[in-house]
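Here are a few notes on the helix packing, for you to check against the coordinates.

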Amino acid sequence: MPVLELIANGLVFSSIIVLGSVGLSLVYSIADFANFAHGDTMTVGAYSALVAFGFVGGVGGAVLGLPVGFFLALCVGIAAAALVAIVTEKLIYEPLDVGSLGLLITSIGIAFIYRGVIQMGFSADATRFGVPPLRPIEALVPYGVRITEHDVAIVITAIVLVVGLHVLLQYTDLGRKMRAMADNPELARVSGIRTDRIRLWTWVIGAGLAGAGGVFLGLFNNLSPRMGFNLLLLVFAAVILGGIGSVYGAMLGGFLIGMIRQLTPILSDLGSVLPLVPDTFGIPIGIEYAEAIVFLIMVAVLLVRPSGIAGEAS
């Protein structure tokens, strides 16, 4: 497979990982626990969008090969994931007084509940959005890149969402309060910040981004009740690699993790990529070992920098 195509696929997959990892990092920095239900929140967003697409998929017009109805369904998926996260926070997490470890274990149970409900409603079989498949973009085929307009739509939409989050965090009153609460919750509280409201908005934004990531994952591959759970370890790896609790670190970690995973096939064909190396040289490792390589590199980085790439040393 051409290197440029692997890089292009890496950009698409990284966009999905970034959306998941930023949401997880946001929730961790404010709610102070690792939410293992985050991957299944992505699944909730994807299936909610699937249902919505059945009603609005025929809305006219198209953008980058996707009907306008798909973007309406995307908004529904984002809203549904946020709503489910708020209900879970209010009914389950907030009343519990069990500490971070107890909340972590509780979130594992919540993940099973999300998945079970989806499986009861849609079965365990994989499905897809009813979006007609596209041919690769003709202008890129001569360069060995076979991506479709759908892939471009995933990257562009993810960039818009991430830039929107950056603007919110840096230039709005809500963002400044979120950063203050993430740095020191007690100081934020005595300073007059309504921390309960900030915590709620954090759940909305974090789960909303997860929902968007789930919808794009369903478009990139397909939808199944385990799709978010299967991606969860890579999302956690991105958050840890970037620096736990650092939103911008999660962006960088998500990008690196996605690229490393998709570029793994290069290892078996290094001779054709590296100069001064025989063409037949390569490390015979298939794509099935990509996730193991991702975690190996993550561990190697953490041995050098335990706080992660963008994390602050304790």
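1. Helices here are DSSP runs of H or I with at least four residues, strands are E runs of at least two, and both are numbered from the N terminus.

2. A caveat: this is a predicted model, with local features needing pLDDT of at least 70 and side-chain atom pairs 80 or more, while totals for chains, interfaces and linings use all residues. Numbering starts from 1 along each chain as its sequence is written, and side-chain values use heavy atoms, leaving out hydrogens and water.

3. Buried residues of α10 include Val247, Met251, Ile257 and Gln262 (under 20% relative accessible area, 1.4 Å probe, protein chains only). The buried set packs against α1 (3–31), α5 (149–171), α9 (227–242) and α11 (290–304); contact means heavy atoms within 4.5 Å.

4. α5 has 23 residues and reaches 32 Å, close to the 33 Å expected. Among its buried residues are His150, Asp151 and Leu165, and the partners of the buried set are α1, β2 (66–67), α3, α6 (173–183), α8 and α10.

5. How do α3 and α8 pack? Helix α3 (68–93) and helix α8 (195–220) meet at about 135°, axes 7 Å apart, with axes fitted to C-alpha atoms over the stretch in contact and angles running from 0 to 180 degrees between N-to-C directions. The contact takes in Phe70 and Tyr93 of α3, and Trp203 and Phe216 of α8, among others.

Key
Buried < 20%, exposed > 50% of the residue type's maximum accessible area, 1.4 Å probe, protein only. Expected span 1.5 Å × (residues − 1).
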